[in-house]
Amino acid sequence: MSAELPFFRYHPDPLASGSIRASAESCACCGRSTGWIYTATFYSAHEVSGRFCPWCIADGSAADRFAGEFTDSYGLDGVSDDVSHEVTRRTPGFHAWQDPHWLVHCHDAGAFVGEVGYTELAEHPEALDQLRTDLRIDGHHDEGRLERLLTHLGEGMTVMLFRCTVCGDHLAYADAS
């Protein structure tokens, strides 16, 4: 394996999330085999043959060369253009059933923690309460059914957990198949 991975402020552990994995595959941008390869989403009108190394994501060269984004800007309302650019073009995305999106808190993009189940989510009551509220807004009004849905995450629905980079609060959204 080569040098230490670059640090991504808004996705601090892309190995744990599965967005980057060890691989001998060569990068579609720089052509080098760095020992690591990106495995999640990339949106571009250009045909891209292969995947990217973390360094070409971090320095923006992959997004620039292929005029693409790793994450849609949906959900990034209220952040600066610099933060939006950092998240969409210089931060690894993540795997999701629906189109992944980033959450915002304290006028900054959150740091993606990972896909979690109920046990991990329950460790962050502020995120769990916020998710309950969002699910009620989406039509889950029966409290018993809502709690069953939450305690059975992984069966058609999972949760994406983020941490605020300013205050440290956790926030989450549901991702359903």
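**View 1. One turn along helix α6.** R132 and D129 lie 3 residues apart in helix α6 (residues 125-137), so about one helical turn separates them. Helices here are DSSP runs of H or I with at least four residues, strands are runs of E with at least two, and both are numbered from the N terminus. The side chains of R132 and D129 meet in a salt bridge at 3.3 Å, N to O; the term means a side-chain nitrogen of Lys or Arg within 4 Å of a carboxyl oxygen of Asp or Glu. R132 is buried at 15% relative accessible area, while D129 is partly exposed at 44%. Buried means under 20%, exposed over 50%, and partly exposed in between (1.4 Å probe, protein chains only).

This is a predicted model: local features need pLDDT of at least 70, side-chain atom pairs count only at pLDDT 80 or more, and totals for chains, interfaces and linings use all residues. Residues are numbered from 1 along each chain as its sequence is written, and side-chain values use heavy atoms, leaving out hydrogens and water.

View 2. R89 pairs with D64, their closest N and O atoms being 2.8 Å apart. R89 sits in helix α4 (residues 81-90) and D64 in helix α3 (residues 61-66), 25 residues apart. R89 is buried at 18%, but D64 is exposed at 52%.

**View 3. Strand β8 and its neighbours.** In β8 (residues 157-163), 6 of the 7 residues are buried, so the rest of the structure largely encloses this strand. β8 runs antiparallel to β9 (residues 170-176), joined by 7 bridges; strands pair if DSSP finds at least two bridges between them. V159 has A174 in β9 as its bridge partner.
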